[in-house]
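I opened my notebook to jot down what I could look up in this one. Here are my entries, in the order I made them.

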Amino acid sequence: MRHTLAAVPIAAALVALSLPAAVVGGCAVPLEERFAGRPELAHGDGRLYLQKCGRCHEPFPVARFSDAQWSRQVLAMRADANLSPDQERRIVGYLQAHNRP
Ligand code: HEC
């Protein structure tokens, strides 16, 4: 019985530890390689956008949304992407600065 009881917290910890890895590691090819055709996402705040917002779905083309729409979208995704206030500000700034030719 002792063994069974001890195994429960260990199993729970293992599941908790493996979950983020499963989400992040779901794709074998690193983000930088998958989106190598979009060099604007290779550095600076573009890179932050790729890393924070390209994990679960493609990093949507910056031109797709207006300034106001990007504010709302990033707000809506802020918790999913686990953004600090500074990261949120940088990503919104990046998107709004590049969404028009
Ligand atoms: C943990 C996974 C995850 C992360 C990280 C994430 N998203 Fe999303 N996103 C989703 C899911 C799931 C949907 C679709 C369902 C929904 O709208 O909630 C979505 C939908 C969207 C949409 C709507 C697309 C459309 O055509 O209407 C936009 C825009 C978007 N995300 C932008 C972002 C941005 C910007 C970030 C980074 C700040 C981000 N996402 C980070 C999971 C994620």
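**Helices, ligand shell and one crossing**

I started with the secondary structure and found 5 helices and 0 strands in the protein. (Helices are DSSP runs of H or I with at least four residues, strands are runs of E with at least two, and both are numbered from the N terminus.) I'm looking at a predicted model, where local features need pLDDT of at least 70, side-chain atom pairs count only at pLDDT 80 or more, and totals for chains, interfaces and linings use all residues. Residues are numbered from 1 along each chain as its sequence is written.

Next I checked the ligand. I got 13 residues around the ligand, and C53, C56, Q73, M77 and A81 come nearest. (Near means that the C-beta atom, placed from the backbone, lies within 6 Å of the molecule.) Two elements give two or more residues to this shell: α3 (44-53) and α4 (67-81). The largest share, 5 residues, comes from α4.

Then I looked at how α3 meets α5 (residues 85-98). Their axes come within 9 Å and cross at roughly 110°. (Axes are lines fitted to C-alpha atoms, for helices over the stretch in contact, and angles run from 0 to 180 degrees between N-to-C directions.) So I wrote α3 and α5 down as roughly perpendicular, the word for angles of 65 to 115 degrees.

Which residues of α3 and α5 meet? I listed D45, G46, L48, Y49, K52 and C53 in α3, and Q87, R90, I91, G93, Y94 and L95 in α5. (Contact means C-beta atoms, placed from the backbone, within 7 Å.)

Definitions and conventions: Angles under 35 degrees count as roughly parallel, over 145 as roughly antiparallel, 65 to 115 as roughly perpendicular and the rest as oblique. Two residues are in contact if their C-beta atoms, placed from the backbone, lie within 7 Å.
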